[in-house]
Amino acid sequence: MANSTWQIRCYCSPSGRNPVQTHYDNASDALQAALEVELDYLRCRPREHWRRPRAAKLNKCTADRDLFEIRFQAERVQQRPIGCFGPAPQCFTLLLWAIEKGGALQPRDWCQRAARRRQALLDGQARALALQFDHTPT
(Lines give C-alpha, C1' and ligand atoms only; values in the text may rest on other atoms or scores of the structure.)
Protein backbone atom coordinates (compact mmCIF):
# COMPACT_ATOMS: atom_id res chain seq x y z
CA MET A 1 0.00 0.00 0.00
CA ALA A 2 1.32 3.43 -0.95
CA ASN A 3 2.22 5.66 1.96
CA SER A 4 -0.10 8.62 1.58
CA THR A 5 -1.57 10.99 4.09
CA TRP A 6 -4.43 13.23 3.05
CA GLN A 7 -4.87 16.68 4.48
CA ILE A 8 -8.52 17.20 5.39
CA ARG A 9 -9.81 20.59 4.37
CA CYS A 10 -13.18 22.25 4.06
CA TYR A 11 -14.71 24.65 1.59
CA CYS A 12 -14.61 28.35 2.47
CA SER A 13 -16.73 30.63 0.29
CA PRO A 14 -15.45 33.88 -1.25
CA SER A 15 -17.34 35.74 1.51
CA GLY A 16 -15.56 33.70 4.21
CA ARG A 17 -18.40 31.31 5.08
CA ASN A 18 -17.16 27.89 6.11
CA PRO A 19 -20.32 25.74 6.37
CA VAL A 20 -18.62 22.40 7.07
CA GLN A 21 -16.48 23.83 9.86
CA THR A 22 -19.57 25.54 11.31
CA HIS A 23 -21.54 22.28 11.19
CA TYR A 24 -18.68 20.42 12.86
CA ASP A 25 -18.21 23.10 15.54
CA ASN A 26 -21.91 23.06 16.43
CA ALA A 27 -22.20 19.27 16.43
CA SER A 28 -22.30 17.05 19.50
CA ASP A 29 -19.13 15.49 20.86
CA ALA A 30 -20.41 12.12 19.61
CA LEU A 31 -20.84 13.34 16.03
CA GLN A 32 -17.45 15.07 16.06
CA ALA A 33 -15.78 11.91 17.37
CA ALA A 34 -17.51 9.71 14.77
CA LEU A 35 -16.31 11.96 11.93
CA GLU A 36 -12.79 12.02 13.33
CA VAL A 37 -12.67 8.20 13.50
CA GLU A 38 -13.68 7.90 9.84
CA LEU A 39 -11.26 10.58 8.68
CA ASP A 40 -8.40 9.10 10.72
CA TYR A 41 -9.01 5.79 8.94
CA LEU A 42 -9.32 7.30 5.45
CA ARG A 43 -6.56 9.89 5.56
CA CYS A 44 -3.80 7.28 5.52
CA ARG A 45 -5.34 5.22 2.69
CA PRO A 46 -4.72 5.69 -1.05
CA ARG A 47 -7.60 7.18 -3.01
CA GLU A 48 -8.56 3.82 -4.53
CA HIS A 49 -9.23 2.51 -1.00
CA TRP A 50 -11.80 5.23 -0.27
CA ARG A 51 -14.78 2.92 -0.67
CA ARG A 52 -17.64 1.36 1.24
CA PRO A 53 -18.39 1.06 4.03
CA ARG A 54 -16.48 4.22 5.05
CA ALA A 55 -16.60 6.23 1.83
CA ALA A 56 -18.17 6.04 -1.59
CA LYS A 57 -17.86 7.75 -4.93
CA LEU A 58 -21.13 9.51 -5.76
CA ASN A 59 -22.10 8.39 -9.23
CA LYS A 60 -25.62 9.85 -9.02
CA CYS A 61 -24.36 13.40 -9.45
CA THR A 62 -24.22 14.06 -13.18
CA ALA A 63 -23.01 17.63 -12.57
CA ASP A 64 -19.73 16.33 -11.12
CA ARG A 65 -18.43 12.76 -11.27
CA ASP A 66 -15.56 13.35 -8.80
CA LEU A 67 -17.54 13.69 -5.58
CA PHE A 68 -17.23 11.35 -2.62
CA GLU A 69 -19.23 10.88 0.55
CA ILE A 70 -17.85 9.99 3.95
CA ARG A 71 -20.25 7.41 5.42
CA PHE A 72 -20.96 7.05 9.13
CA GLN A 73 -23.78 7.08 11.62
CA ALA A 74 -24.04 9.47 14.55
CA GLU A 75 -27.01 10.53 16.63
CA ARG A 76 -29.06 7.80 14.90
CA VAL A 77 -28.68 9.61 11.58
CA GLN A 78 -26.72 8.50 8.51
CA GLN A 79 -24.16 11.31 8.18
CA ARG A 80 -22.80 11.91 4.67
CA PRO A 81 -20.31 14.80 4.44
CA ILE A 82 -19.55 15.27 0.74
CA GLY A 83 -16.19 16.25 -0.66
CA CYS A 84 -13.61 15.88 -3.39
CA PHE A 85 -9.92 15.25 -3.79
CA GLY A 86 -8.03 18.49 -4.33
CA PRO A 87 -7.63 21.27 -5.15
CA ALA A 88 -4.06 20.75 -3.88
CA PRO A 89 -2.20 17.43 -4.07
CA GLN A 90 -2.78 15.08 -1.12
CA CYS A 91 -5.82 17.10 -0.09
CA PHE A 92 -9.42 16.02 0.44
CA THR A 93 -11.86 18.93 0.75
CA LEU A 94 -15.25 18.60 2.43
CA LEU A 95 -17.70 20.68 0.41
CA LEU A 96 -20.96 20.32 2.32
CA TRP A 97 -22.65 18.33 5.03
CA ALA A 98 -25.42 16.00 3.94
CA ILE A 99 -27.42 13.28 5.63
CA GLU A 100 -29.12 10.23 4.20
CA LYS A 101 -32.81 9.91 4.92
CA GLY A 102 -35.10 7.39 3.27
CA GLY A 103 -32.32 6.33 0.90
CA ALA A 104 -31.84 9.88 -0.45
CA LEU A 105 -29.26 12.51 0.38
CA GLN A 106 -30.41 15.77 1.92
CA PRO A 107 -30.31 18.61 1.14
CA ARG A 108 -31.98 17.70 -2.13
CA ASP A 109 -29.72 20.03 -4.12
CA TRP A 110 -26.54 18.47 -2.69
CA CYS A 111 -25.21 17.61 -6.14
CA GLN A 112 -25.54 21.13 -7.57
CA ARG A 113 -24.17 22.75 -4.40
CA ALA A 114 -21.18 20.43 -4.21
CA ALA A 115 -20.43 20.83 -7.94
CA ARG A 116 -20.59 24.65 -7.67
CA ARG A 117 -18.34 24.67 -4.64
CA ARG A 118 -15.81 22.33 -6.22
CA GLN A 119 -15.72 24.47 -9.35
CA ALA A 120 -15.24 27.62 -7.24
CA LEU A 121 -12.23 25.93 -5.61
CA LEU A 122 -10.78 24.92 -8.97
CA ASP A 123 -11.32 28.44 -10.35
CA GLY A 124 -9.60 30.00 -7.32
CA GLN A 125 -12.75 31.85 -6.27
CA ALA A 126 -13.04 29.92 -2.99
CA ARG A 127 -10.50 28.46 -0.59
CA ALA A 128 -9.94 25.10 1.06
CA LEU A 129 -9.04 25.59 4.71
CA ALA A 130 -7.81 22.93 7.12
CA LEU A 131 -10.65 21.44 9.13
CA GLN A 132 -10.04 22.47 12.73
CA PHE A 133 -10.76 19.48 14.95
CA ASP A 134 -9.90 21.20 18.21
CA HIS A 135 -12.23 24.17 17.79
CA THR A 136 -14.90 24.66 20.42
CA PRO A 137 -17.92 26.90 19.84
CA THR A 138 -18.05 30.13 21.76
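A salt bridge here is a side-chain nitrogen of Lys or Arg within 4 Å of a carboxyl oxygen of Asp or Glu. Glutamate 100 sits in strand β8 and arginine 80 in the loop between β5 and β6, so this pair links parts of the chain 20 residues apart (strands are DSSP runs of E of at least two residues, helices runs of H or I of at least four, numbered from the N terminus). Arginine 80 is buried, at 2% relative accessible area, while glutamate 100 is partly exposed, at 26%; buried means under 20%, exposed over 50% and partly exposed in between, using a 1.4 Å probe and protein chains only.

This is a predicted model, where local features need pLDDT of at least 70 and side-chain atom pairs count only at pLDDT 80 or more, whereas totals for chains, interfaces and linings use all residues. Residues are numbered from 1 along each chain as its sequence is written, and side-chain values use heavy atoms, leaving out hydrogens and water.

The structure holds nine salt bridges. In one of them, arginine 118 meets aspartate 64 at 3.1 Å, N to O. Arginine 118 lies in helix α3 and aspartate 64 in the loop between β2 and β3, so the pair ties together parts 54 residues apart in sequence. Both of these residues are buried.
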